[in-house]
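Reader: I would like to learn how to read the packing of a protein model, step by step. Could we take the features one at a time, with the general idea ahead of the particular case?

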Amino acid sequence: RHNRSQVTMADVEEAVDKVVLGGAQPPLQDPQERRVVAYHESGHTLVAWLTPAADAVHKVTVMPHGRALGVTAQLPVEDRHNYSRGYLLARLAVMLGGRTAEEIVFGDVTTGAESDLIQATRLARRMVTRWGMGDLGLVAFQADEEHPFLGYELAQGRDYSEATAARIDQEVQRLLAERHAYAQQLLMEARESLEQLAQALLQEETLGQAALVRLLGPRPAMAEEKPE
């Protein structure tokens, strides 16, 4: 495609991006939409960068890929087969970082966080219902996430009461609210870095790990998160 006689590292990167991120789409033309996406992705990136338990950010871009207007790609340092509560809480915060950045910068929100919110809600519900990582105690509930509708549950039967279902909903909302508050505090304290990162994305469109280190400095060592 590029009329080269040899495969280069750029070709490998392009192939990986196509598989992991989806095929590249034409750049966004509307300046305000590009700004919103830049801050949204900067929110994801900065929360991940400043949360030691989160996976490292490999690349962030405001170039549309697949159905996404922008992408923050994270890569784990090592293969994981078992996930700690701290790691999952970090994932929730990163998922909510984009929407939180929009709130802080624009005082408004967009539909761009739809996928983030779906994934975060699904993860929080699993933490509560399957892994005993909420305040309901060491219990696991049978739940069909593919059919989260009352009519289906009534037809199939479930192993917990209406009162317990309400407590599950409340606990999921509590987890998401806490993670949102954590992301909000982090981004407010690092507002200058948020601005620098968004401006760099608007100029460069794509930033790799080396560029992120230059902009944000080294990631903090693994330690306790800041109080919520």
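This is a predicted model: local features need pLDDT of at least 70, side-chain atom pairs count only at pLDDT 80 or more; totals for chains, interfaces and linings use all residues.

Reader: How should I describe a pair of packed helices in general, and what is the case for H3 and H4?

Author: Two packed helices are described by the angle between their axes together with the distance between those axes. For H3 and H4, the axes come within 9 Å and cross at roughly 155°. H3 is therefore roughly antiparallel to H4, since an angle over 145 degrees falls in that class. The crossing of H3 and H4 is left-handed, and the residues that meet there include Leu88, Leu92, Met95 and Arg99 in H3, with Leu117, Ala120, Leu123 and Met127 among those in H4.

Reader: Where do these elements sit in the overall pattern, and how many helices and strands are there in the protein?

Author: The protein has 8 helices and 3 strands, and reading along the sequence gives the pattern α-α-β-β-α-α-α-α-α-β-α. Among contacts between residues at least 6 apart in sequence, 72% join residues at least 24 apart.

Reader: What share of the residues in the protein is buried, and what does the accessible surface come to?

Author: Of the 228 residues, 40% are buried, while the accessible surface comes to about 13,200 Å², with 52% of that area belonging to carbon and sulfur atoms.

Reader: How many residues are in the largest nonpolar core, and which elements give two or more residues to it?

Author: The largest nonpolar core has 32 residues, and Val47, Leu207 and Leu212 are those with the most contacts inside it. The elements that give two or more residues to this core are helices H2, H3, H6, H7 and H8, along with strand S1. The largest share, 7 residues, comes from H2. A second, separate core of 20 residues includes Leu92, Met95, Ala165 and Leu176. Returning to Leu207, and leaving aside its neighbours within four places in sequence, this residue is in contact with His58, Lys59, Val60, Leu197, Ala200, Leu201, Leu212 and Leu215.

Reader: Where does leucine 75 lie, and which residues does leucine 75 touch?

Author: Leucine 75 lies in strand S2, residues 71-75. With a relative accessible area of 44%, leucine 75 is partly exposed, because that value lies between the 20% and 50% cut-offs. Not counting residues up to four places away in sequence, leucine 75 touches Asp55, Ala56 and His58. The C-alpha atoms of leucine 75 and valine 57 are separated by 6.3 Å, with the two residues 18 residues apart along the chain.

Terms used. Residues are numbered from 1 along each chain as its sequence is written. Side-chain values use heavy atoms; hydrogens and water are left out. Helices (H or I, at least four residues) and strands (E, at least two) are DSSP runs, numbered from the N terminus. Buried means under 20% relative accessible area, exposed over 50%, partly exposed in between (1.4 Å probe, protein chains only). Contact means heavy atoms within 4.5 Å. Accessible areas come from the Shrake-Rupley method with a 1.4 Å probe; for residues, only the protein chains shown count as cover. A nonpolar core is a set of buried Ala, Val, Leu, Ile, Met, Phe, Trp, Tyr and Cys residues joined through side-chain atoms within 4.5 Å. Axes are lines fitted to C-alpha atoms, for helices over the stretch in contact, and angles run from 0 to 180 degrees between N-to-C directions. Angles under 35 degrees count as roughly parallel, over 145 as roughly antiparallel, 65 to 115 as roughly perpendicular and the rest as oblique. A crossing is left-handed if the near helix is turned anticlockwise from the far one by less than a right angle, and right-handed if clockwise.
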